[in-house]
Amino acid sequence: MNVFLMEKKMLKENKNFIDEEKLDLIGFDSSNKKRSGSFLITDKNITKIENQSEKLEILPLSEAIEKYSWLKKYAKSIPQKSLGYFMRVLPNSKINYPIQAGFYMKENKYQTTHNIFVAEPNTKVNLLSGCTASVEEGKHLGISHYLVRENALLSVTKIHYWPFRTSSFSKNSIIVGRNATFISNYVALDIGEKEESYSTINIKEGGVARINSIIYAKKNSNFNISDKVSLDEKNARAEILSKTISNGGKSFVKEYILGRDKGTKGHIECDGLLLDNEGIIHTMPELKAMHPQTDLSHEAAVGRISEEELNYLMSKGIDEKSAKSLIIRGFLEVKIKGLSRDLQESIERLIEKISIEGTT
Amino acid sequence: MKKNLLEIKDLWVKAENKTILKGLNLSIAEGESHVIFGPNGLGKSTLLGSIIGFPRLKIIKGEILFKGKSLSDLPIYERVKRGMGIAFQHPPTVRGVKLGKLLEVINTSGEKIQGIAKELKLEEHLKRDTNQAFSGGEIKASEIMQLFLQKPELLLLDEPDSGVDVDNIKIISSYIQKLLQKDLPIVKRKKSAIIITHGGTILNYVNIDFGHVMIEGVLTPQANPYDIFDKIKRNGYRDCYECFSNGEKNAKRK
């Protein structure tokens with residue numbers, strides 16, 4: 001092999017290494033180990049579709065729209081040749097390993113995706129969905145629909161890991177069927193200058209939604225998050241837990257639950273920790289009752305690390321920096337079920353980094 | 001003669017523009033335990049807070065020497081590193097910091113956390129945020145457990161007996177006894193303590209060497225703690241303070 005070709009090969013290998021490293025950060029395992037299925041979009045192309053389970057269907061969305069006419073109902077606003085996935089878990093099946101979806105902006109500055117995930121009745125599945133970029137600046141737009149049918153359980157973990165000058169906009173609509181469960185864990189600990197996420201969740205009889213988000217707004221980054229949950233039918237339940245740390249960034253979190261029927265129950269908890277004088281945390285827990293037998297509540301606490309708590313930890317022999325770091329780490333520590341050990345460790349490393357950053 | 005571990009000379013302390021300690025003196029030698037009696041709100045906790053170094057308490061006069069060296073300007077954690085430890089009466093809830101994690105971080109003695117937590121009925125609490133919805137007794141058990149892992153030379157115990165039921169006070173006291181090396185002959189003991197009590201229950205469970213009464217920011221000289229407590233029960237704090245303020249012998253004459 002001549003020198004030129006060798007250099008080219010090394011460059012290519014190096015690039016692949018960078019890609020894999022980036023994807024690792026969002027939990028996308030390029031080797032597909034311990035994954036039931038994989039779908040990767042790099043820039044404007046689908047670069048991986050793999051399906052290791054016969055209980056699972058994974059297609060490009062454009063093909064699925066042609067195959068299933070009923071999808072048009074959910075995808076009215078989606079153009080025919082949309083870039084994105086269609087995933088469907090066949091009825092009465094439990095998918096052991098998570099399915100992974102990755103959205104990667106490698107060279108292009110713009111990426112728009114549309115996705116539909118269907119958990120058919122009596123299914124159980126975990127989805128890991130991650131977004132990241134190698135380009136230094138760019139815009140990502142993602143629109144997703146999740147249909148969780150009767151008695152199904154869908155757990156979605158979304159990890160965003162953006163370079164500084166990128167912005168991300170995502171819109172999600174979720175329908176939780178009768179006695180179904182939808183769990184969403186949104187982890188945005190290293191984001192670009194702007195991150196917006198809007199979700200609407202409609203829950204049918206006996207259905208449950210648990211929405212958790214952990215957010216870190218560093219200097220010059222802006223968050224805007226809104227989750228609107230509607231408890232449409234009797235005994236529907238929802239719990240929202242939002243944890244935000246601002247270290248100079250701005251974070252606007254609006255969480256809303258509407259109780260429309262008998263026996264519905266909803267709780268919102270918004271916690272914010274402000275580490276410096278420049279950041280802003282604006283949380284708005286909002287409740288609306290449209291039935292006398294709905295039970296809705298919220299708690300919200302936003303503030304600095306309290307002097308009293310710091311003094312207490314210091315009186316146990318812990319120096320000031322370590323005490324602050326202990327509080328920050330504890331604040332962000334949310335154990336997410338179904339994560340691979342690698343991903344859990346990667347999140348823990350980020351939390352560790354933030355806990356050190358937050359004390360300086 | 002044993003060395004003084006702690007020496008407080010003419011200490012005046014202010015908090016939020018109110019002078020609370022007004023010329024307090026106290027000497028504690030190695031291996032001695034001292035109890036301080038007194039009505040609530042008259043400076044007992046301020047004394048412990050000043051020794052540990054809470055920034056809101058301003059020393060306007062006097063000094064505190066620990067192992068012969070002044071503590072002034074030393075941050076709280078440095079004082080702890082030098083060998084003191086505190087158990088609070090009303091500690092704050094520390095959001096996000098699990099008790100188990102805190103115990104792990106401060107465990108400098110290598111004691112086994114699980115076993116002690118089981119004995120102190122705190123196993124379930126290890127997974128909770130520190131002090132989150134702990135009962136009065138659980139708080140005391142958790143605070144004493146923390147000291148047990150740190151093994152300080154000077155223990156500052158703020159009302160370790162308040163709000164604790166009889167069964168639990170026995171267990172907590174057994175740990176205080178161990179910390180104070182009460183199994184050793186008095187000449188061999190190295191650990192000392194200041195124990196604040198309002199109700200005096202702790203005297204039934206821990207052998208304490210000396211007692212003082214605090215009224216209006218000063219202490220009576222050291223005397224037999226059991227005699228003091230008898231007099232408090234009979235005549236109240238103020239009479240007792242007057243009785244002991246000129247020394248133990250005078251008090252006995254009365």
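**Helix packing and chain contact**

A: In this predicted model, the axes of helix α3 (residues 99-106) of chain B and helix α5 (residues 136-150) of chain B come within 9 Å and cross at roughly 25 degrees.

Q: Are α3(B) and α5(B) roughly parallel or roughly antiparallel to each other?

A: Angles under 35 degrees count as roughly parallel, so α3(B) and α5(B) are roughly parallel to each other. The crossing in which α3(B) passes α5(B) is right-handed.

Q: Which residues make the contact?

A: From α3(B) they are L99(B), L103(B) and I106(B), and from α5(B) they are S142(B), M145(B), Q146(B), L149(B) and Q150(B). By class, five residues of this contact are nonpolar, three are polar and none is charged.

Q: What else is M145(B) in contact with, leaving aside its neighbours within four places in sequence?

A: With those neighbours set aside, M145(B) is in contact with L103(B), I116(B), A117(B), L120(B) and L122(B). M145(B) is also among the residues with the most contacts inside the largest nonpolar core, which has 164 residues.

Q: Which helix gives the largest share of that core?

A: Helix α7 (residues 225-244) of chain B does, with seven residues.

Q: Changing topic: how many residues does each chain give to the contact between chain B and chain A?

A: Chain B gives 21 residues and chain A gives 17. On the side of chain B, the elements giving two or more residues are α2 (76-81), β7 (94-98), α3 and α5.

Key
Residues are numbered from 1 along each chain as its sequence is written. Chains are lettered from A and ligands numbered from 1 in the order in which they are written. This is a predicted model: local features need pLDDT of at least 70, side-chain atom pairs count only at pLDDT 80 or more; totals for chains, interfaces and linings use all residues. Axes are lines fitted to C-alpha atoms, for helices over the stretch in contact, and angles run from 0 to 180 degrees between N-to-C directions. Helices (H or I, at least four residues) and strands (E, at least two) are DSSP runs, numbered from the N terminus. Angles under 35 degrees count as roughly parallel, over 145 as roughly antiparallel, 65 to 115 as roughly perpendicular and the rest as oblique. A crossing is left-handed if the near helix is turned anticlockwise from the far one by less than a right angle, and right-handed if clockwise. Two residues are in contact if their C-beta atoms, placed from the backbone, lie within 7 Å. Ala, Val, Leu, Ile, Met, Phe, Trp, Tyr, Cys and Pro count as nonpolar, Asp, Glu, Lys and Arg as charged, and the others, Gly among them, as polar. A nonpolar core is a set of buried Ala, Val, Leu, Ile, Met, Phe, Trp, Tyr and Cys residues joined through C-beta atoms within 7 Å. A residue is buried if 20 or more other C-beta atoms lie within 10 Å of its own, exposed if 12 or fewer, and partly exposed in between; C-beta atoms are placed from the backbone.
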